[in-house]
Amino acid sequence: MTPGADPVPRQRTAPAERRDRGAAAASRARRGWLWRQVPAYSPLTLHAAWRAAAQTLLRREDARPRLARLLRALYPAREAVLLGSGTQALELAIRIASRVVGEPSVVALPAFSCYDVATAAVGAGVGIALYDVDPWTLAPDLDSMTATLAEGARVIVVAPPFGVPVDWDAIEQCLMGFGALAIEDAAQGHGALWRGAPVGSAGALSVLSFGRGKGWTGGRGGALLIRRFPLDAGVGGSRAAGPFGELAALGTAVAQCVLGRPAVYRLPAALPLLHLGETRFHSPTELRRMTRAAAALLERTLPLATQEAAARRVPARAVTPPRAGTPGFLRLPLRVPGGLAGFAEPARARRLGVMPGYPTTLAALGAVRERLTRPHGRWPGAEELVRDLVTLPTHSLVRSAERDELVRLLE
C-alpha cells in the first residue's frame, strides 16, 4: 500500500467479525483502562536522563561542541548551529536564505504541513506563498511549486512528511532558472534516506528537530545545518537557556520516559493543558541556544534512535518509497475517506494510535493569511489531505495483536 493509497475493503463473514470484536475486547481488558498507544515514539530511558543530569548539573560538562561535530559528520555540513527547537532552526534558515536571495523576500511553504513551519516564516518576518501537495505521494506538486516561483517566491521550504522522502532531484530541477533556494526541513526525517544519505543532507540549508515525537530526541532542541552560505552573524547573540532552562529540559525528558508509554499514555493524553495529539499554531519565540542537557541526552539516545528507525521499517514494508528514497516511517500516512471519522469506531482507532492529519491548510491560519501573497488561492491537494489523511503508528511498541486490530479497523 503506497502512502496515498486508499485501503481496499475485503468481505468478512458475521461470525468472523464477532470473533474479531471478542478478541479485541479481551485484548483491551488485559491492557487496562490507562492503556493507549502512543502515535510516535522516540526512545529515551530514565538511565539516559540520569546520566545526562549528572553530566550537566554535577560535572558542568558541555556536550554541545561534541554534538555539533557529530551532526556535521552524520549530515555532511560545514556548520551545525544548535538551537532551542526545530522551529527556531527553520526561522534562522529562512532569515539566512532571504538575505542570500535579496530583499524583500517571499518564502513558499507547503499548503499541507505542520503549523510550526508557518510559525518559523512568521518569526522571520517574510511574505508567504503556498504551493500545493500531491495527495497521492505527499510530495510537492511540482506544477504548483513552479507557478509559485514564477509569481516571485525565491525561498522554498521543502518538508518531507512523516519520514517519507521527496525527490530532491526533481526539486532542484524545478528551482533552475529562477535563482531560488530550497530549505530542507527534515524535522520528521530521522531514519529516512535519499540516495543512501540521511534525509537532512541534501539542502544548502537543512533543519533537524529533536522534539519528543521526532524519532531522535533530547526532549527538545533543533539544529540548522549549513553547507554553502555564511553563518548568520546574529545567532551568536541568541540567549542561553540558564539553569531553569536546563532543569526544564531534564524535567521534560523524565516526563517523556514515565508518561510516554502505552501502559499509561491515556492519562497525559486526557489532560487538556498538555495538548497531546493536537496541531496548534504557536507564536514565534526568541531564538535560544540548545541546552547542555538536551545535547547530552541526544548523545546518549542516538544508538537507541538508530535501532528504532530500523524497527519502524519492518511493519510498513508495503509502502512503496519514492525513487532513490528509503522512508523513515515516523508514522504511516494513509488516505481514508472522511479521515478518522471514516472509521467505524473512531475512538477505538485513536486508542490504537491512529491520528488525524493536520486539521487545516496553512492558508486557514490567521497569522499566515496576513502575509499571504495570494490570499484567495486554492490548494486542492492539500485540502483533500485535510479531509482524508490519517497516520498509523509504526514504532516498536506496537505489538502484532495491535497491528491485527488496525488491519481489521481499516477493513
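Tutor: This is a predicted model. Start with helix α8 (residues 242–259) and helix α10 (residues 292–312), whose axes come within 7 Å and cross at roughly 40°.

Student: Which residues make the contact of α8 and α10?
Tutor: From α8 they are E246, A249, L250 and A253. From α10 they are R292, A293 and L297. Contact means heavy atoms within 4.5 Å, and these residues make it.

Student: Why give both an angle and a distance?
Tutor: Two packed helices are described by the angle between their axes and the distance between those axes.

Student: Which residues of α2 are called buried, and what do they pack against?
Tutor: Buried means under 20% relative accessible area. In α2 the buried residues are A48, A49, A52, A53, A54, Q55 and T56. They pack against α3 (64–74), α8 and α10.

Student: What comes just after α2?
Tutor: R60 does, with a positive phi of about 55°.

Student: What makes β11 and β12 edge strands?
Tutor: They belong to an open sheet of 3 strands in the order β11-β13-β12, with antiparallel pairing. β11 (332–335) and β12 (355–356) each have a single partner strand, so one side of each is left without a neighbour in the sheet.

Student: How do you know that β13 pairs with β11 and with β12?
Tutor: Two strands pair if there are at least two bridges between them. β12 and strand β13 (residues 389–392) have 2 bridges, in the antiparallel sense, and M355 stands opposite T391 in β13. β11 is joined to β13 by 4 bridges, also antiparallel, and R335 has L389 as its bridge partner in β13. Both pairs therefore meet the requirement of at least two bridges.

Student: Why are both faces of β13 called covered?
Tutor: On one side L389 and T391 are buried, and on the other V390 and L392 are buried. Each of these residues thus falls under 20% relative accessible area.

Student: How many bridges join strand β6 (residues 193–194) to β7?
Tutor: There are 2 bridges, and the strands run antiparallel. That meets the requirement of at least two, so β6 and β7 count as paired. Within this pair, W194 stands opposite A197 in β7.

Student: Is R195 buried, exposed or partly exposed?
Tutor: R195 lies in the loop between β6 and β7, and its phi is near 55°, a positive value in a residue other than glycine. Its relative accessibility is 47%.

Student: Why is L138 called buried?
Tutor: Its relative accessible area is 6%. The cut-off is under 20%, so L138 qualifies as buried. L138 lies in the loop between β3 and α6 (142–150) and has a positive phi of about 70° although it is not a glycine.

Student: What does G127 touch?
Tutor: G127, found in strand β3 (residues 127–131), touches S105, V106, V107 and R371, leaving aside residues up to four places away in sequence. G127 and A153 are 26 residues apart in sequence and 8.8 Å apart in space, C-alpha to C-alpha.

Student: How many helices and strands does the protein chain have, and what share of its residues is buried?
Tutor: The protein chain has 14 helices and 13 strands. Of its 411 residues, 52% are buried.

Technical notes: Residues are numbered from 1 along each chain as its sequence is written. This is a predicted model: local features need pLDDT of at least 70, side-chain atom pairs count only at pLDDT 80 or more; totals for chains, interfaces and linings use all residues. Side-chain values use heavy atoms; hydrogens and water are left out. Axes are lines fitted to C-alpha atoms, for helices over the stretch in contact, and angles run from 0 to 180 degrees between N-to-C directions. Buried means under 20% relative accessible area, exposed over 50%, partly exposed in between (1.4 Å probe, protein chains only).
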